[in-house]
Amino acid sequence: MLRHLIYKIKATGPITVAEYMKEVLTNPAKGYYVYRDMLGEKGDFITSPEISQIFGELLGIWFISEWMATGKNAAFQLVELGPGRGTLTGDILRVFSQLGSVLKNCDISIHLVEVSEKLSEIQALTLTEEKIPLERSAGSPVCMRGVTKAGIPISWYRDLQDVPKGYSFYLAHEFFDVLPVHKFQKTPQGWREVLIDIDPQVSDKLRFVLAPGVTPAEVFIQRDEMRDHVEVCPEAGVIIQELSQRIALTGGAALIADYGHEGTKTDTFRGFCGHKLHDVLTAPGTADLTADVDFSYLRRMAGGQVASLGPIKQQMFLKNMGIDVRLKVLLDKSDEPARQQLLQGYDMIMNPQKMGERFNFFALLPHQRLHGRSHPMDACQSKPSVSPVAGFGELTWR
Ligand code: SAH
């Protein structure tokens, strides 16, 4: 990967950080995400669904609660962006099965948007019924099709654009933070983009430089920006606009969970290898690269087409979803050492010093979901009847 990047820079000149991230993470031949399983204790980082089954179960409840609150549509698609090992969708599907009596007449299908061939194979192993062979079609927008263990149709795509535009619930957990960012530094001459170049002292080393003049991505910086260093992620904007259009048109919701800020942080671009921080320019392709999600930018990109809720801290969201009740039920059913594992997992995802405050939940919903325009007015009240959105308030079943 380093050699490939050096050739590229020699041919075209210094590259943007976004181009660097895209090449390093998703280059079809050598990208970090494309051919390896980086998740879990033996990998480079671990995520909440890999730590505790309760995480995915509560998200499953969230989707059912939204489906009920919006009139129990006859069918819905569950669409996950960047599904990793498939663990999260697996935990959600278990809840759907357990609540089969509630969902019994609903036609559900699963749609996974995944750039990595290796991870798509792992997702298929986790989620599909082995006895029914997968249909594969490399050149087509649907790269793979199968049936889940519970008999639900499941399809894989490389791009959200290719997912059918039906009534859908979208899920993105630790997905937006891997999308490529452009970095800018304020200088006396104005904003200058941070680029990556070859170190003139050491021929196989990369270094950051500043662009000598204005670069196109500068249009993404807010006019009244007060910080002196910013990161912008146009790809995240495109995806949020696509999700917003879809939700405004057909209903449903998107639930996004990630680490991030409200347009306040500056330099958050970093690498992870073997659960340790890793210099982003050293041995590219061997470490995960990530940048915090700017939720204020996501909200702006939703552009009023849909309503947004959050970001709210993971700890608060999961508490509102009833994590303590679910933990108790599981503890009562388990023996040691499973009890210890459940408690450790709970601590990891809930503790404010660990993942509880670092991760946030953010949702996109049709405007009428919050203002009740599509629901009949309650005869005795002057206000429309809308139930609170679970997680962002306490979970209530109607
Ligand atoms: N959601 C999972 C995995 C997070 S890692 C979890 O929480 O455990 C990021 C995931 O996004 C991986 O599955 C990776 O292959 C995928 N990914 C990265 N860039 C992508 C892109 N541009 N399009 C689709 N998937 C992508």
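**Reading a sheet and a helix pair**

Colleague: In what order do the three strands of the open sheet lie?

Modeller: The order is 14-13-15, with antiparallel pairing. Strands (E, at least two residues) and helices (H or I, at least four) are DSSP runs numbered from the N terminus, and two strands pair if DSSP finds at least two bridges between them. This is a predicted model: local features need pLDDT of at least 70, side-chain atom pairs count only at pLDDT 80 or more, and totals for chains, interfaces and linings use all residues. Residues are numbered from 1 along each chain as its sequence is written, and side-chain values use heavy atoms, leaving out hydrogens and water.

Colleague: Which strands are at the edges?

Modeller: Strand 14 (276-278) and strand 15 (288-290), each pairing on one side only. On average, neighbouring strands of this sheet are turned by 40° against each other, direction ignored. Strand 13 (residues 270-273) pairs with strand 15 over three bridges, in the antiparallel sense. There, glycine 271 stands opposite leucine 289 of strand 15.

Colleague: How are two packed helices described?

Modeller: By the angle between their axes and the distance between the axes. Here helix 4 (residues 53-69) and helix 5 (residues 87-98) have axes that come within 7 Å and cross at roughly 55°. Axes are lines fitted to C-alpha atoms, for helices over the stretch in contact, and angles run from 0 to 180 degrees between N-to-C directions.

Colleague: Which residues of helix 4 and helix 5 meet?

Modeller: With contact meaning heavy atoms within 4.5 Å, Gln53, Phe55, Gly56, Glu57, Leu59, Gly60, Ile61, Phe63 and Ile64 of helix 4 meet Leu88, Asp91, Ile92, Arg94, Val95 and Phe96 of helix 5.
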